[in-house]
Amino acid sequence: MITLLKNAKVYDPAHGVDGVKKDIYIRNGHIIAKPSKTEKIHEAMDLSGKVVMAGAIDMHSHIGGGKVNIARMMLPEYQETLKYADPEAHVCGPQCSHNATPSTIVTGMHYIEMGYTAVFEPAVLGINARQAHLEMGDTPMIDKGGYAMLGNDDYFLRLLANKADQKAINDYVAWTLNATQTIGIKVVNPGGINAFKFNQRRLDLDENNKHYAVSPRQILKSLSRAVHDIGVAKPLHVHCNNLGVAGNFQTTLDTMGASDGIPMHLTHIQFHSYGAEGDKKFSSAAAEIAEAINNNKHITADVGQILFGQTVTASGDNMMQHLNAGFANPKKSVIMDIECDAGCGVVPFKYRDENYVNAMQWAIGLEIFLSVEDPWRVFLTTDHPNGAPFTSYPHLIRLLMDKSFRAEAFDKLNLDAQAMSNLKAIEREYSLYEIATMTRAGAAKLIGMDNQGHLGEGAAANITVYTEQSDKEAMFGKPDYVFKDGELVVKHGEVVKVVWGKTHTAKPAYDKSVEKNLKEYFEKYHTIQLDNYKISDDEMAADGRNSVISHTKAAG
Amino acid sequence: MQKSNNINTTTATCPACGMLCDDINVSDPSANTCAKSISFFSQPITESSPTIAGKPVSLDEAVAKAASILKDAQHPIFAGLSTDLSGFRAAFNSAQQVNAPMMHINAESTWRNTKVLQSKGWQTTTLMEVKNRADVILCIGTDVVSHNPRFFERNVWNKEALFTNPQTRNIIYLGGEGLDTSHGVSPNGKQPTVLPCATKALPEITAALRALIQGKTLNTDSITGIAVKDLETVVTQLKEASYAVLIWVAKDFSFAHAELTIENITESVVTLNKESRAMALALGGSDGDTTVNYAHTWLSALAPEEHDLKQYDTVVWINSFSPEKPLPTTDAPIIAIGNSQTQFVTPPAVFIPVATPALDCAGTLFRVDSSIVLPLKQTRESALPTLSTVMNKMDALLT
């Protein structure tokens with residue numbers, strides 16, 4: 001069966017297609033070349049005047065790492081608006097606090113309604129991977145994937161402290177990706193989560209974890225090298241040391257140099273781009289950070305934009321979240337040490353435009369977006385829910401595409417922040433092509449998924465159809481149609497068919513003998529058996545809905 | 001129907017308490033050191049039939065009757081929920097269809113903890129951190145082993161640890177009644193500190209502990225029979241610890257406003273963490289309670305709450321793990337779905353025996369410390385349908 005989408009105005013940066021009128025053919029869930037005249041077209045849809053892009057990909061959103069579930073449990077008040085008997089009593093906006101901690105069902109529905117067809121959970125603790133996949137397995141409509149956290153786990157730090165050779169590290173990293181069914185490796189506050197367990201309260205890039213006598217720089221070097229050596233496309237996902245600290249931009253700049261030119265992705269870089277200038281000792285270092293990204297071609301970044309409103313911050317970085325717990329609003333928080341693997345910190349937060357620091361954070365994020373020249377190397381995220389709920393993406397897209405809208409918002413900021421920011425002087429407006437690059441083609445390329453994020457032959461038929469409007473928030477908030485693997489699943493902003501999506505993984509090869517030492521370690525120090533840590537493809541598919549796709553290419 | 005080639009295991013994970021020990025030798029149950037586990041894995045197999053008002057019927061007849069009762073219900077509730085993750089997911093879907101809230105058999109005790117989480121949050125740890133780091137372990141109002149028999153064996157008196165010498169751990173029991181403190185004696189004979197007081201005095205003694213940790217002075221020599229200087233010694237040990245762990249079991253706190261006592265513990269930890277390292281840890285757990293709490297939360301965005309069953313006109317009672325636990329007391333019709341061993345004083349409106357995860361079918365459970373999720377294996381032949389199978393059949397009749 002062939003479906004034809006005709007006369008679409010296509011934005012497909014993977015193929016350099018910038019608003020060109022084209023026809024798209026779909027068969028068996030994939031995009032195919034124009035079929036021969038003898039083949040029957042079963043269904044044709046005229047998309048004249050519509051803008052068509054591949055399904056969007058969120059490369060960093062906390063949809064299933066256990067932390068948001070703690071947030072849901074801790075914050076029943078976020079859901080109160082949903083309990084009203086009269087739905088009219090509550091007008092739901094993008095910044096509603098319940099969007100910070102939606103159920104898995106609502107998460108999947110809201111993503112697909114915005115034209116997103118794949119979302120990646122960036123902080124999967126190996127020991128918690130089963131929960132992550134269970135939660136994501138209960139998230140309908142979209143494809144999922146995860147990045148496994150390493151670099152604070154005692155097994156890795158022992159390897160590093162004992163000067164294990166790079167091959168041993170590589171095997172452990174590759175084994176971890178296989179065992180946890182993930183597609184990338186993340187490091188959060190390299191060594192810092194672990195150091196907090198030894199009562200260290202901060203860790204700079206060249207400061208040693210006092211037990212292991214290894215530094216974050218060594219961890220970054222070793223892990224980025226491992227990810228590169230084992231052939232995983234997704235560069236090491238780095239949440240830098242000193243999250244949220246005034247003056248932390250220097251750590252971020254230094255971190256860029258820690259991998260000796262091997263690719264690294266610096267995540268939610270807005271939270272790591274703070275200077276310490278001015279009366280309030282808090283300023284924007286967006287210009288320095290953006291310049292460094294522009295100059296360091298091995299670096300990519302997502303922004304982690306903040307938007308004003310009530311949300312909750314959920315991070316593996318319990319060292320820094322413990323420091324921030326005093327700012328909790330409402331006044332409660334969860335800090336956890338987890339299983340000699342990592343930790344987590346969940347702190348509710350309300351960003352207010354009249355607050356100097358919050359207003360600066362808002363401006364810093366936008367300054368970075370607008371100052372990084374290459375849209376293939378910067379990605380649109382709010383670090384959901386940390387900067388804002390993912391439902392605010394259409395608003396964020398408008399801020400990037402509409403200078404006067406941005407100026408209007410800027411004029412409402414805290415006056416001291418207005419005086420300290422040069423955002424208004426930046427003229428740039430993102431084009432549809434650039435938005436398609438950062439939310440589709442670039443994200444798929446970064447993660448290493450050949451059949452996602454584009455509209456060429458062989459791509460999964462994940463397609464979003466918009467009506468072009470000058471109000472870009474309205475345009476991106478409610479696509480006309482969304483196709484998931486060739487099926488029409490959203491019509492005029494409403495889900496018309498429920499599907500369940502797949503799990504994207506990388507399964508690099510490794511020396512099987514790595515399990516010998518791991519088994520010994522598990523038997524001595526763990527509380528579970530090695531076999532129970534590992535998640536098989538069969539287990540992933542046991543719910544009858546999910547299945548695993550590996551993006552690892554055979555060696556050759 | 002389960003296939004026999006699924007059963008090739010000698011080592012299994014035990015769902016009999018929240019600790020989910022995954023080293024159970026099921027080919028030689030006598031090698032097992034835990035009475036709860038032995039009793040769980042030696043349940044006899046009975047192929048009991050579904051019943052309507054005590055009379056044997058076919059599965060389809062029982063499901064049809066259950067669906068018709070549910071269709072007539074104005075305010076049904078799904079309770080018990082002693083099951084694993086896939087069982088709970090299926091039950092959740094059915095409950096959604098009839099707008100029924102859900103309440104676990106342990107709701108009264110788990111809700112004590114949830115209230116603290118929702119009021120103040122907390123700072124907690126997991127078992128592997130205890131095993132490898134904890135040098136001071138304070139058990140408050142509990143011996144732990146009444147709930148988690150192998151807690152000390154597996155996590156305290158281990159031979160090796162990454163960052164501490166297990167033999168020299170300092171074990172302290174503060175308050176609680178009828179405790180078995182023998183497990184707190186180290187293998188080389190080091191005795192625990194035991195500071196006894198009645199369970200009902202726990203609110204007072206934990207408030208005193210919290211005050212002392214915060215640096216306040218108490219204008220008395222003794223509180224609920226415990227000398228303040230002894231309590232001060234405990235506080236010093238907690239502050240000097242490399243990694244102190246403060247443990248409670250919500251089920252042992254059967255008194256009004258137990259959440260305030262738990263908050264005394266968790267806020268003590270928050271204060272300790274300003275200068276040194278300490279963490280709280282709620283133990284206990286059974287009947288898949290942690291699993292139900294977590295899965296309910298991600299599926300609905302809300303933690304499950306405690307309800308008064310008397311407010312509901314139909315009860316779907318799910319109990320796969322604990323046949324010895326009685327049906328709830330209610331005048332409403334009960335649709336009981338659960339372990340084939342379940343005995344009834346009065347037969348429920350409908351009874352459907354189902355497979356027990358870890359015996360008759362595979363499954364998945366969360367451990368009591370919350371981040372660790374373990375697979376359960378099928379360990380015996382069985383023809384019993386799974387809870388999901390029954391729920392899916394019922395769903396088809398409810399739509």
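Author: A residue is called buried if 20 or more other C-beta atoms lie within 10 Å of its own, exposed if 12 or fewer, and partly exposed in between, with C-beta atoms placed from the backbone. By this criterion, buried residues make up 60% of the 556 residues in chain A. The model is predicted: local features need pLDDT of at least 70 and side-chain atom pairs count only at pLDDT 80 or more, while totals for chains, interfaces and linings use all residues. Residues are numbered from 1 along each chain as its sequence is written, and chains are lettered from A and ligands numbered from 1 in the order in which they are written.

Helices (H or I, at least four residues) and strands (E, at least two) are DSSP runs, numbered from the N terminus. Chain A has 19 helices and 24 strands. Two residues are in contact if their C-beta atoms, placed from the backbone, lie within 7 Å. The contact between the chains takes 42 residues from chain A and 42 residues from chain B. Of the side of chain A that touches chain B, the largest share, 6 residues, comes from S16(A). By class, that side has 16 nonpolar, 15 polar and 11 charged residues; here Ala, Val, Leu, Ile, Met, Phe, Trp, Tyr, Cys and Pro count as nonpolar, Asp, Glu, Lys and Arg as charged, and the others, Gly among them, as polar.

Two strands pair if DSSP finds at least two bridges between them. S16(A) is joined by 4 bridges to strand S7 (residues 121–124) of chain B, and the two run parallel. Within this pairing, Ser333(A) stands opposite Gly121(B).

Chain B is divided into domain 1 (48–106 + 288–398) and domain 2 (110–283), with bounds that come from an automatic or database domain assignment. The C-alpha centres of the two domains lie 35 Å apart. Their contact takes 11 residues from domain 1 of chain B and 7 residues from domain 2 of chain B. The domain 1 side of it has 3 nonpolar, 4 polar and 4 charged residues.

In chain B, an open sheet of 7 strands has the order S4-S3-S17-S16-S15-S5-S6, with mixed pairing. Strands S4 (55–56) and S6 (102–104) of chain B stand at the edges with a single partner strand each, so one side of each is left without a neighbour in the sheet. Strands S15 (residues 314–319) and S16 (residues 334–338) of chain B pair in the parallel sense over 5 bridges, and Asn319(B) has Gly338(B) as its bridge partner.

Strand S18 (residues 363–366) of chain B pairs with S19(B) in the antiparallel sense over 4 bridges. Leu365(B) stands opposite Leu374(B) there. Both faces of S19(B) are covered, with Val373(B) and Pro375(B) buried on one side and Leu374(B) and Leu376(B) buried on the other. The hairpin of S18(B) and S19(B) has 6 residues between the strands, and Ser370(B) takes a positive phi near 85°.

A nonpolar core is a set of buried Ala, Val, Leu, Ile, Met, Phe, Trp, Tyr and Cys residues joined through C-beta atoms within 7 Å. The largest such core has 300 residues, of which Val173(A), Leu138(B) and Ile247(B) touch the most other members. This core draws at least three residues from each of domain 1 and domain 2 of chain B.
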